[in-house]
Amino acid sequence: MTQHVTDTVPSEAPTAAPGHREWWRDAVIYQVYPRSFADSNGDGTGDLPGIRARLPYLKELGVDAVWLSPFYASPQADGGYDVADYRAVDPMFGTLADADDLVRDAHALGLRIIVDLVPNHCSDQHEWFKQALREGPGSPLRDRFHFRPGNGAGGELPPNDWESIFGGPAWTRVTEPDGTPGEWYLHLFAPEQPDFNWEHPAVHDEFRSILRFWLDLGVDGFRVDVAHGLVKAAGLPDVGHTGQVRLLGAQAVPYFDQDGVHDIYRGWRRILDEYAGERIAVAEAWTPTVERSALYLRPDELHQAFNFDFLGTAWNATELREVIDRSLRAVNAVHAPATWVLSNHDVVRHSTRLAEGDPERGLRRARAATLLMLALPGSAYLYQGEELGLPEVVDLPDEVRQDPAFFRNTGQDGTRDGCRVPLPWSGVAPPYGFGSAEGGQTWLPQPADWAHLTVEAQHGDPASTLEFYRSALAVRRAHPALGAGHQITWLDSPEGVLAFRRDSGNGSFVCTVNLTAAPVALPTPGTLLLASADVEPGAGTTALPAESAVWWAV
């Protein structure tokens, strides 16, 4: 007995225009955090020339596109997500010419480039904000942000009860040019990141111009940071309680996921569609439900949205099946591709997140989770270093921490530095070929026991996680039943095991995942393609190792 996860896509679903492949529907997109990928000049910080030099590695890995976290001019109060100039490259990363060279080289290798766009907020060093402070109350520039008088007899209290994602109030009071305490400005993140007022036409005009600037340079798309946050509820009403950060993505709040954001993205889609080459936009949208997230993906809006529900699901067969079902139903309703992701620059690496204190278990589960993710219909995102099996660095000294949330006593846990430690490329000691000479310093220190995790150490070793990823991506690209699609067919399986089938006109495919801590015998569904652990296919049945996944050709 079998059961379809989702209904077939309705017959009125749009088809690709002639000559358009809609590459994003099955793309594997690799996230690069520029400070931590590769360093070309030995200063301990990654940069654009370093990324450019390593593009052949990404081509060999088998990805389709590279997403670059911000490299814009920035004081780096929040890892580059505090942008001072959206049309300039920060000198720590290189020059605009370096960005142009990177895009050209990527295209020559058949790789696409997606850049981060940060439209919810900027840096407090952005020229608009600095002018707004210089000119004082009544400045027209203050209308481009959310400046408000405070509450209380002397304006000494914040204008409302909104809380920063990084902890504390979402408001900071300024000192006016005459030296007196003055208005407050809204920052849903760090105080160095004032929120734009998207009710102001100048903000719309500026970001349309920024889009065109980078599209003209040749980038293939944008990852839209805090895509759910641009529009705030009219009047900026109170939430009514504290502890708001813990509820983000679980309940509606007046500063996130307001319906007005969709008009913004319809306008951006029109700009993207003007350019040849199928340029795209991807939403980072934390919403209460996957159905709300899917609204960002209607045919005249954005192309993809990150599936945070999948990322946050526990190592549990029932829960994973439910989130897969729910995700496919939601995106199919708007004719969009599903996306699947296990790690990124803001969360604990999944090899550690799934470990429950046992690193070997964590890597075992991480490899199995990767095969599950890459077997599902749609597009997949990889975070730099997961192909090496890198764990989270959990013992960074306080004095090297960079995450702004670490320095505030509420809000996020401030642990994002652990997934941002520079990659190990070669050698037996830090900095592992990252860029500087042996014994040189990197902007975040690397563990002393990473020699076995370097690219050099894993290259050519069939048992390594790197070669496992290369094989998985090669099979995914070659097998006709993998990649883009709308549904899977669940197969009967024991408790704690997931098994599903995907079909195409040129072949079928089965994925089996044992999430239990013991081997499980299953009927052998076909010919072994790839496994996350050693497995011996039997003529009738096959014992799936504990916490493993297997791909089969049928």
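This is a predicted model: local features need pLDDT of at least 70, side-chain atom pairs count only at pLDDT 80 or more; totals for chains, interfaces and linings use all residues.
Axes here are lines fitted to C-alpha atoms, for helices over the stretch in contact, and angles run from 0 to 180 degrees between N-to-C directions. Residues are numbered from 1 along each chain as its sequence is written, and side-chain values use heavy atoms, with hydrogens and water left out.

**Helices around α5**

- Helices (H or I, at least four residues) and strands (E, at least two) are DSSP runs, numbered from the N terminus.
- Helix α3 (residues 96–108) and α5 have axes that come within 10 Å and cross at roughly 55°.
- That makes α3 oblique to α5; angles under 35 degrees count as roughly parallel, over 145 as roughly antiparallel, 65 to 115 as roughly perpendicular and the rest as oblique.
- On the α3 side the contact (heavy atoms within 4.5 Å) uses L96, A99, D100 and V103, and on the α5 side F213, W214 and L217.
- By class, that contact has six nonpolar residues, no polar ones and one charged; Ala, Val, Leu, Ile, Met, Phe, Trp, Tyr, Cys and Pro count as nonpolar, Asp, Glu, Lys and Arg as charged, and the others, Gly among them, as polar.
- Next up, helix α5 (residues 201–217) meets helix α6 (residues 261–274), with axes that come within 11 Å and cross at roughly 30°.
- α5 and α6 are therefore roughly parallel to each other.
- Their crossing is right-handed, meaning the near helix is turned clockwise from the far one by less than a right angle.
- H204, F207, R208, L211, R212 and L215 of α5 make this contact with I264, W268, I271, L272 and E274 of α6.
- The α5 and α6 contact comes to seven nonpolar, one polar and three charged residues.

**α11 and its partner**

- The axes of α11 and helix α13 (residues 465–478) come within 11 Å and cross at roughly 10°.
- α11 and α13 are therefore roughly parallel to each other, and their crossing is right-handed.
- From α11, L363, R367, T370, L371 and L374 meet T465, F468, Y469, A472, L473 and R476 of α13.
- That contact splits into seven nonpolar, two polar and two charged residues.

**The second largest pocket**

- α10 (350–353) and α11 (359–375) each supply at least two lining residues, and α11 gives the most, with three.
- By class, the lining has 10 nonpolar, five polar and five charged residues.

- P430 and P431 are joined by a cis peptide bond, with omega at about 10°.
- P431 sits in the loop between β14 (379–383) and α12 (455–458).
- Q76 isn't a glycine, yet has a positive phi of about 65°.
- You'll find Q76 in the loop between β4 (72–73) and β5 (85–89).
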